[in-house]
Each structure stands twice: as C-alpha cells, then as structure tokens.
Amino acid sequence: MPRQRLLQIGPLPEGLQSRLEERYHLHPLWLEGDRESFLAAATPFDGAVTMSRHACDEAVMKAMSGRVIACFGVGTERLDLSAAQRFSVHVSNTPDVLTECVADLAWGLILATARQIPQAHAFVRSGQWHQRAFGLGTRVHGKRLGIVGLGRIGHAIWRRSAGFGMPMRYHGNAPKAGIPGYEPDLVALAQWSDFLLLSCQGGPETHHLVNRTVLDALGPGGFLINIARGSVVDETALAQALSHGTLGGAGLDVYASEPGISAFLLEYQHVVTLPHMAASTHETRQAMEELVIDNLESYFQSGRLLTPVP
C-alpha cells in the first residue's frame, strides 16, 4: 500500500520529523516560493502536519478540504478553526500529555521569580559572594495564588498549590464544578493575588487581557507568571510597571514576538525569562510525537481522531 502524502506546514522537531518520514511522504510547504499558488493548485495530499506556532490559515484549510491536519502542540490560536469547519477539515492537537510538565515549570517560575534563583546563581558564579551577601527574596509558602484559566494545565497547577499551603482563586469564562474560589472580575483577582499565573488560551479573546489596570491591581508586592501565550500580556504595560516599581516581578516563558524578546524585558533584575520551554522534557516531547502519529494513523485507518480539536 502506498504511503500517504502529507503537507508539512513548517519545520518540526527533529524526532517527529524523522518518525514521520519513516511513515509518510512529506512535502515542505514553507519552502515553496509561491505559497498561495501552490495551495490553490490543490495538489492531492492526504493530510497535513503542523505545530502550534505555524499558521494554518484559510488557504491551508481549503487545500486540505475534507482531510486531516495533525498539530504538534496544544495551542490552536494560529489555526483558522472556523475555516476548518467550513471546509470539513479534521484537526487534532496534543493535549494532556504535556500537562504535568508545564505545571511543574509554572511552579519552577514561581519559585525562581520570588526567590531570585537565577540571579543568585549568577551572583555566586561571578564571585560577588566574596564581597557581600545576596539580597532577600519573597516567601512562596502561604501566599495567595490567582490562576487565569483553570483548564487542564491550570487545574494541575492548582493541585500543586496545596503543597505550598497557598489559598487559590481563579478567573475564566465560568466557574468549575466542585472547585471553589471562582472570581469573575480579573482586576479583583489581581488585587487579591500575590502571584497571578496565566494558563489561559491565546487568541483574540485573550489578547492583552493583562493590561495596565490588571498590573496596577497586582501591585508592587505582586508577581506575574506567564506560561500561557505572550499575546495575553500587554508587554509595554508590563515594562512600565516594572520600571516604575509598581509590580514586584515577573516570570515569563512566552512572549508576544518569540523567539524575539522585547529588550526592555531583559533590563529588569526581577524578571525571569525562559525560552518557551514548559513542555520541553524528553518524556513530554516523546509523548507529543507519539500522539501526533497515533492521530494520523487512527484517522487513516478509521476516519476518527484520538484527540480532535473541538
């Protein structure tokens, strides 16, 4: 039986690339000189594969009409899902398998930001400990945790908060059954919180959800932790809050224009910056790769996806 042909929207992790090449014929769309003309020609592909960071616009969805697009990653804000619905495109992503590692890193950011762990590491390495003592950090245990977006990852972060003796409240579209602490007003949540952690979806609905008003409410003793999407935060307002001392600090794994990071975010001592690595563990990467392949094989064998995007 001939191997299926997949349109590859953009570069993929090396391991997934190799595993897909063993099973399918891949064609790199991003290397096409005239992308729109190529898509309009409706070259007969059996499906497509992409990552959350690569845009799948209406032209891609139309070219994949009635077929499948398997996405490596959870985020779908760069996938035109309304066009997918119009053109009957079956879209999958890779939820659940990365939840625990992302939640682990969220707590790593909380601790690193409050206790200034990266700064202390640099302090020791530079020999400054011989001249003076390192400054004081902020206690984490017993502080108040506000979570924006209590989905799979937010829920896993919340479960871990019990070990730190932290009361928790959360904000989202609606309260979660059996979980107290819902706060419909984001500004009120920020005022209450010592740590405001973002684990919501990206996209137009949450664009600059965290603005100057929210940051002012969080205040000079508060910390912003973002493992969601860079678009959720108004980075200009964040820089102003940091420069004026109206925010205690920030721990960031995502940015508005990554891999680029606004230079002003690198200027402040109380900001911890990571390279969008929340899901970057050997175990999670392997599980995500396997789920992409399992979704494709399930679709080609039965017409059903294991983890379809709603």
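Visitor: Is H208 buried, exposed or partly exposed, and why?
Guide: H208 counts as partly exposed because its relative accessibility is 33%, where buried means under 20% relative accessible area, exposed means over 50% and partly exposed lies in between, with a 1.4 Å probe and protein chains only.

Visitor: What kind of model is this?
Guide: This is a predicted model, in which local features need pLDDT of at least 70 and side-chain atom pairs count only at pLDDT 80 or more, while totals for chains, interfaces and linings use all residues. Residues are numbered from 1 along each chain as its sequence is written, and side-chain values use heavy atoms, with hydrogens and water left out.

Visitor: Back to H208, where is it in the chain?
Guide: H208 sits in the loop between β8 (195–198) and α9 (212–218), with helices (H or I, at least four residues) and strands (E, at least two) taken as DSSP runs numbered from the N terminus. The phi of H208 is near 55°, a positive value in a residue other than glycine.

Visitor: Which residues does the cis peptide bond join?
Guide: The cis peptide bond joins E258 and P259, with omega about 10°, and P259 is found in the loop between β10 (249–252) and β11 (271–273).

Visitor: Switching to aromatics, how many pairs are there?
Guide: The count comes to seven aromatic pairs, under a rule that pairs rings of Phe, Tyr and Trp (its six-membered ring) if their centres lie within 6.5 Å, with planes under 30 degrees apart counted as stacked, over 60 as edge-to-face and the rest as tilted. The rings of Y299 and F300 have centres 5.7 Å apart and planes at 70°, so this pair is edge-to-face.

Visitor: Which residues form a cluster there?
Guide: Y24, Y299 and F300 form one aromatic cluster; Y299 is buried at 13% relative accessibility, whereas F300 is partly exposed with a relative accessible area of 24%.

Visitor: Last one, what does P13 touch?
Guide: Leaving out residues up to four places away in sequence, P13 touches M51, F72, R285 and E289, where contact means heavy atoms within 4.5 Å. P13 lies in the loop between β1 (5–8) and α1 (14–23) and counts as buried at 11% relative accessibility.
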